Amino acid sequence: MVGLVLAGQSIMRFGTPEQQQQHLRPTLDATRVWCQLFSEPGAGSDLAGLSTRAVRDGDRYIINGQKVWCSGGRYSDWGILMARTDSEARKHEGISFFLLPMDLPGVEIRPLRQMTGEAEFDEVFFTDVELPAGQLLGPENGGWGVGMAVLTNERGHIGASVIGLERRLEAMAKLAEGRVLDPLQRQELAGLLSRGKAFTAMGQRQGPVASTAASLMKLASPR
């Protein structure tokens, strides 16, 4: 999903012909795996509060900072990265969007151990990482707009799960056919079906900007 829905669509929309030539085919055939480098320890729900820095130095950017909750970082070839390029600008206006090879010197990936003992996510640390300026996607300091378009694609992808949810609701309703339910059981079933219909309706409210309503589908999607 990160490769096809997030990285691929953002490159199609904002990438230069060279970036599209470099990335789209290997992303489509899954020979290039992507991860998402957005969240930080101090900037989870407030993505615009990120502090990872990308300082322009001639034909490259020097990147320092940390990302967290990175799914698949250990086996990804590239990452889509949001970093601050202008510390003086308002926080939404000083961010840029980058395409970053995960094997660059200075990139350190550490598994994030969960209480289950498993490590589904990673922390990613950047220490004086030198990224060629040609890996900037979209305009410098215009990364917020690129990022919101990417997240809209993600929400649309999640919102597409309404088809599966509708099928589960239909199956749930059929289970009750021909059965004698007491009032409490009927009330519980009606509550489940009505909440499911509400999630379905909100998940379909995909618009031109990132939608919190569509994000609610994460709660209804099967794990």
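C35 counts as buried, since its relative accessibility is 0% (buried means under 20% relative accessible area, exposed over 50%, and partly exposed in between, with a 1.4 Å probe and protein chains only). The structure is a predicted model, in which local features need pLDDT of at least 70 and side-chain atom pairs count only at pLDDT 80 or more, while totals for chains, interfaces and linings use all residues. Residues are numbered from 1 along each chain as its sequence is written, and side-chain values use heavy atoms, with hydrogens and water left out.

**Cysteines**

The structure holds zero disulfides, a disulfide being a pair of cysteine sulfur atoms within 2.5 Å. C35 is in no disulfide, and the nearest cysteine sulfur, that of C70, lies 3.7 Å away. Seen from C70, the closest cysteine sulfur is that of C35, and the 3.7 Å between them is too far for a bond. C70 also counts as buried, at 0% relative accessibility.

**Overall architecture**

The chain comprises seven helices and eight strands; helices (H or I, at least four residues) and strands (E, at least two) are DSSP runs, numbered from the N terminus. Of its 223 residues, 42% are buried. Among contacts between residues at least 6 apart in sequence, 68% join residues at least 24 apart, where contact means heavy atoms within 4.5 Å. The accessible surface of the chain comes to about 12,300 Å², and carbon and sulfur atoms account for 54% of that area; accessible areas come from the Shrake-Rupley method with a 1.4 Å probe, and for residues only the protein chains shown count as cover.

**Aromatic pairs**

Four aromatic pairs are found in the whole structure. Rings of Phe, Tyr and Trp (its six-membered ring) pair if their centres lie within 6.5 Å; planes under 30 degrees apart count as stacked, over 60 as edge-to-face and the rest as tilted. One of them, the tilted pair of W34 and W78, has 5.9 Å centre to centre and 40° between the planes. This pair links distant parts of the chain, with W34 in strand β1 (residues 34-37) and W78 in strand β4 (residues 78-84), 44 residues apart. W34 is buried at a relative accessible area of 5%, and W78 is buried at 10% relative accessibility.

W69 and F121 form an edge-to-face pair, with 5.6 Å centre to centre and 85° between the planes. W69 lies in strand β3 (residues 60-71) and F121 in strand β7 (residues 121-132), so the pair ties together parts that are 52 residues apart in sequence. W69 is exposed at 53% relative accessibility, whereas F121 is partly exposed, with a relative accessible area of 24%.

**Salt bridges**

The whole structure contains eight salt bridges, each a side-chain nitrogen of Lys or Arg within 4 Å of a carboxyl oxygen of Asp or Glu.

| Salt bridge | Closest N and O atoms |
|---|---|
| K67 and E40 | 2.9 Å |
| R60 and E130 | 2.7 Å |
| D122 and R74 | 2.5 Å |

Both K67 and E40 are buried. R60 lies in strand β3 and E130 in strand β7, so their pair ties together parts that are 70 residues apart in sequence. R60 is partly exposed, with a relative accessible area of 27%, as is E130, at 45%. D122 in strand β7 and R74 in the loop between β3 and β4 are 48 residues apart, and their pair links distant parts of the chain. D122 is buried at 0% relative accessibility, while R74 is partly exposed at 42%. Salt bridges that share partners join D57, R60 and E130 into one network.
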